[in-house]
Amino acid sequence: MAVLFMAGSCSGGAHAAYFERVDHLVSGGYSAVTDDGFVSDAVLDLSPAAGDVAVFGANLYNAPLIDGSLEHSYAADAFLSFSAASTDLSMSLSHSLSATANNALNVASHKQDAFVDLTTVTLKIVGAAGEADGSAVQVSFAGNASALYDFDSIVSGGYLGLGLSLSRGSDVVGEYLWDVQQGGDQSVSFSFTGSVGEELTLSSFMVTGASLENAGFAASDSPYALVDAGAILNGTFTVAIVPEPEIHAMLLAGLGLLGFMSRRRFTEH
């Protein structure tokens with residue numbers, strides 16, 4: 001029983017570390033130019049003074065033209081949720097564009113762009129009670145990215161991209177990038193070794209946009225759906241204490257002793 005207790009105690013500290021937000025800088029928004037008209041919007045940073053990060057923005061626009069109109073919109077959000085067990089990341093960005101042609105409609109030019117950016121989030125690795133600064137940890141991220149990439153052939157310059165990185169100073173220690181060319185899903189994962197007490201920089205972004213140049217549309221009772229694009233990125237960071245070599249030795253010794261005791265009981269019976 002004593003050996004079992006020892007092994008359990010050694011392995012029980014495997015997750016005794018976590019991320020804590022030190023500071024953050026975020027940005028994001030939307031802009032569109034239709035002929036001579038211009039609109040823009042900025043995301044809101046709803047983050048509390050400490051703890052979680054929350055960013056949100058959304059809007060819908062109508063650009064009237066002589067023989068119709070363009071309807072366009074965007075939505076963006078980014079969240080970081082911190083707990084002693086994990087740090088959860090969730091980001092999304094989308095935009096749309098449609099044209100209504102009451103008569104034959106020509107759009108000389110239209111350009112729209114949207115982005116959401118966790119520019120820098122400084123994270124400190126904190127150890128639970130008894131974990132000294134400098135103790136080795138394994139930092140891991142596991143998640144999924146999904147993209148919708150629907151641009152009509154009349155649209156020019158459609159693009160969509162997203163990325164995520166963790167840096168130690170100027171050194172990137174974990175990274176994911178996706179220059180989206182078609183819709184789909186991707187798994188996202190990376191891991192690296194760090195230490196209790198050190199600070200890392202998290203950066204994550206999504207960008208998308210589209211444009212029209214001298215685009216003509218025949219009169220129609222139904223709107224022309226031109227753009228429906230966006231991406232979602234979800235995942236979880238975990239920080240696990242890396243057992244010291246002597247702890248590995250104690251565990252191996254304990255397992256060996258358990259095996260010896262089992263064989264001895266078998267022999268006696």
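This is a predicted model: local features need pLDDT of at least 70, side-chain atom pairs count only at pLDDT 80 or more; totals for chains, interfaces and linings use all residues.

Visitor: Okay, what share of the residues in the protein chain is buried?

Guide: The protein chain has 269 residues, and its secondary structure comes to two helices and 13 strands. With that cut-off of under 20%, the buried share is 40%.

Visitor: Let's pick a residue. Is serine 92 buried or exposed?

Guide: Serine 92 sits in strand 6, which covers residues 87-101. Its relative accessibility is 18%, and the cut-off is under 20%, so serine 92 counts as buried.

Visitor: Which side chain does the side chain of serine 92 make a polar contact with?

Guide: Leaving out residues up to four places away in sequence, serine 92 touches several residues, including Ala75, Asp77, Val116 and Ile232. For the polar contact, at 2.9 Å, the partner is the side chain of aspartate 77.

Visitor: And the aromatics? How are the rings of tyrosine 30 and tyrosine 61 arranged?

Guide: A search of the whole structure turns up seven aromatic pairs. For tyrosine 30 and tyrosine 61, the ring centres are 5.7 Å apart and the planes are at 10 degrees. Planes under 30 degrees apart count that way, so this pair is stacked.

Visitor: How far apart in sequence are the parts that tyrosine 30 and tyrosine 74 tie together?

Guide: Those two rings are also stacked, with centres 5.0 Å apart and planes at 0 degrees. Tyrosine 30 is in strand 1 and tyrosine 74 in strand 5, so the pair links parts separated in sequence by 44 residues.

Technical notes. Residues are numbered from 1 along each chain as its sequence is written. Side-chain values use heavy atoms; hydrogens and water are left out. Helices (H or I, at least four residues) and strands (E, at least two) are DSSP runs, numbered from the N terminus. Buried means under 20% relative accessible area, exposed over 50%, partly exposed in between (1.4 Å probe, protein chains only). Contact means heavy atoms within 4.5 Å. A polar contact is a pair of N or O atoms within 3.5 Å; within protein, one must be able to donate a hydrogen and the other to accept it, and residues adjacent in sequence count only if both atoms are side-chain atoms. Rings of Phe, Tyr and Trp (its six-membered ring) pair if their centres lie within 6.5 Å; planes under 30 degrees apart count as stacked, over 60 as edge-to-face and the rest as tilted.
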